[in-house]
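User: I am new to this structure and would like to go through it step by step. Please take my questions one at a time.

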Amino acid sequence: MTQTPAFDKPKVELHVHLDGAIKPETILYYGRKRGIPLPADTVEGLQDVIGMDKPLSLPGFLAKFEYYMPAIAGSREAIKRIAYEFVEMKAKEKVVYVEVRYSPHLLANSKVMPIPWNQAEGDLTPDEVVALVSQGLQEGERDFGIKVRSILCCMRHEPDWSPEVVELCKKYRQQTVVAIDLAGDETIQGSSILEGHVKAYEEAVKSGVHRTVHAGEAGSAQVVKEAVDNLKTERLGHGYLTLQDEALYTRLRQENMHFEVCPWSSYLTGSWKPDTEHPVVRFKNDQANYSLNTDDPLIFKSTLNTDYLMTKQQMGFTEEEFKRVNINAAKSSFLPEAEKNELLDLLYKAYGMTPSASAAGQHP
């Protein structure tokens with residue numbers, strides 16, 4: 001999509017999945033190279049199968065990964081390459097800082113039960129996956145001149161993986177990893193409070209690992225409450241259904257909770273019904289703390305500009321709001337304070353602002 005940029009200035013992105021941001025060409029290349037059948041043999045054909053134009057349910061969307069993940073998972077070369085190419089992709093979108101998330105277990109084929117995507121058992125462990133992704137990201141940082149950090153995902157339906165996820169967060173915290181996340185199908189009843197997840201998040205709190213949780217996208221305000229109260233999350237992935245519970249929403253705004261909003265994604269996964277006001281409009285009107293993000297640009301056939309255009313053209317978002325959103329994203333990033341301040345300085349300069357001009361939404 002070569003559209004005019006809705007906001008042609010440096011941006012910060014906090015919610016994007018590595019395995020949902022792969023170039024179709026790369027999928028085709030590894031499918032051929034590894035002899036793994038794919039549903040199509042051209043970029044257009046592949047995008048027609050994997051990509052979405054109309055809303056599906058969240059589980060319907062999650063099923064898309066089954067088409068192409070077998071071509072990438074289990075291959076050291078492919079995993080490092082998708083991390084490197086991700087940085088290139090974001091640099092082109094004028095993103096100056098991005099936090100990219102993924103499940104190490106879903107890219108492995110050894111020391112993981114069950115082995116994902118019907119792969120044969122191999123020798124690539126979740127631990128080595130994190131090392132490879134970190135290498136790819138660091139080489140991308142060096143070559144494309146932007147800053148990248150990573151977030152490791154626990155999966156709701158696999159609580160037994162979660163204790164290892166938090167240990168990997170601790171092991172690789174000097175090599176890009178800044179936080180833990182809980183992703184997957186939040187309609188699985190009680191999945192936020194399964195013992196494996198709760199223990200992993202308790203360990204994260206204890207060892208100073210930052211925390212975000214996918215909640216309030218397809219579940220309910222109750223899932224948001226569990227993320228905040230049981231998992232002690234610092235940010236919410238999506239979080240739209242918080243608005244079902246006014247008291248909870250008021251409380252989270254008072255606590256300056258950050259909502260990682262993905263507008264185009266919310267339309268295609270059916271978590272927002274287009275005949276209603278989008279939750280992000282409420283967040284904007286209330287001057288809440290939120291960011292704009294792509295989520296899974298491969299599947300949503302989008303770039304970050306898609307989300308900015310959508311909010312600008314359909315919801316009347318202004319350049320001033322986009323500046324505020326990115327400053328809030330920088331403040332709510334999981335960078336250490338000194339690096340966070342450097343990032344903020346970069347944005348203030350690019351936006352022609354003084355730090356005091358953005359005191360709205362300032363961390364207490």
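User: At roughly what angle do the axes of helix H5 and helix H6 cross?

Analyst: This is a predicted model. Two packed helices are described by the angle and the distance between their axes. The axes of H5 (residues 76-92) and H6 (residues 126-144) come within 8 Å, and the crossing is right-handed. Residues making the contact include Ile 79, Ala 83 and Val 87 of H5 and Leu 132, Gly 136 and Gly 140 of H6, and the axes cross at roughly 35°.

User: What is the order of the strands in the open sheet?

Analyst: The sheet is open and has 8 strands. Strand S1 (11-17) and strand S8 (289-292) each have a single partner strand, so they stand at the edges. The twist averages 25° from one strand to the next. With parallel pairing, the order is S1-S2-S3-S4-S5-S6-S7-S8.

User: Which strands does H5 touch, and what angle does its direction make with that of S2?

Analyst: Strand S2 (residues 95-102) is joined to S3 by 6 bridges, and Val 98 stands opposite Val 148 in S3. H5 packs on the sheet, touching S1, S2 and S3. Its direction makes an angle with that of S2 of about 140°.

User: Across which strands does H6 lie?

Analyst: The direction of H6 can be compared with that of S3, and H6 runs at about 160° to S3. The strands that H6 lies across are S2, S3 and S4.

User: How many residues of strand S4 are buried?

Analyst: S4 covers residues 177-183 and is mostly covered. Strand S3 (residues 147-155) joins S4 through 6 bridges, with Ser 150 partnered by Val 177. S4 also pairs with strand S5 (residues 210-215) over 2 bridges, where the partner of Ala 179 is His 210. Buried residues in S4 number 7 of 7.

User: Through which helix does the chain cross from S4 to S5?

Analyst: S3, helix H7 (residues 162-171) and S4 make a right-handed β-α-β unit. The crossover from S4 to S5 is also a β-α-β one, and it is right-handed. The helix in that crossover spans residues 195-206 and is H8.

User: Which peptide bond is cis, with omega near -10°?

Analyst: Most peptide bonds are trans. The bond runs from Met 113 to Pro 114.

User: Asn 256 has a positive phi; what is its relative accessible area?

Analyst: Most residues other than glycine have a negative phi. Asn 256 is not a glycine, yet has a positive phi of about 60°, and is found in the loop between helix H10 (246-254) and strand S7 (258-261). Buried means under 20% relative accessible area. Asn 256 is buried because its relative accessible area is 15%.

User: Is Asp 295 buried or exposed?

Analyst: Asp 295 is found in the loop between S8 and helix H13 (297-300). Asp 295 has a positive phi of about 75° although it is not a glycine. Since its relative accessibility is 2%, Asp 295 counts as buried.

Key
Residues are numbered from 1 along each chain as its sequence is written. This is a predicted model: local features need pLDDT of at least 70, side-chain atom pairs count only at pLDDT 80 or more; totals for chains, interfaces and linings use all residues. Side-chain values use heavy atoms; hydrogens and water are left out. Buried means under 20% relative accessible area, exposed over 50%, partly exposed in between (1.4 Å probe, protein chains only). Helices (H or I, at least four residues) and strands (E, at least two) are DSSP runs, numbered from the N terminus. Two strands pair if DSSP finds at least two bridges between them. A crossover is right-handed if, with the strands pointing away from the viewer, the path from the first strand over the helix to the second runs clockwise. Axes are lines fitted to C-alpha atoms, for helices over the stretch in contact, and angles run from 0 to 180 degrees between N-to-C directions. A crossing is left-handed if the near helix is turned anticlockwise from the far one by less than a right angle, and right-handed if clockwise. Contact means heavy atoms within 4.5 Å.
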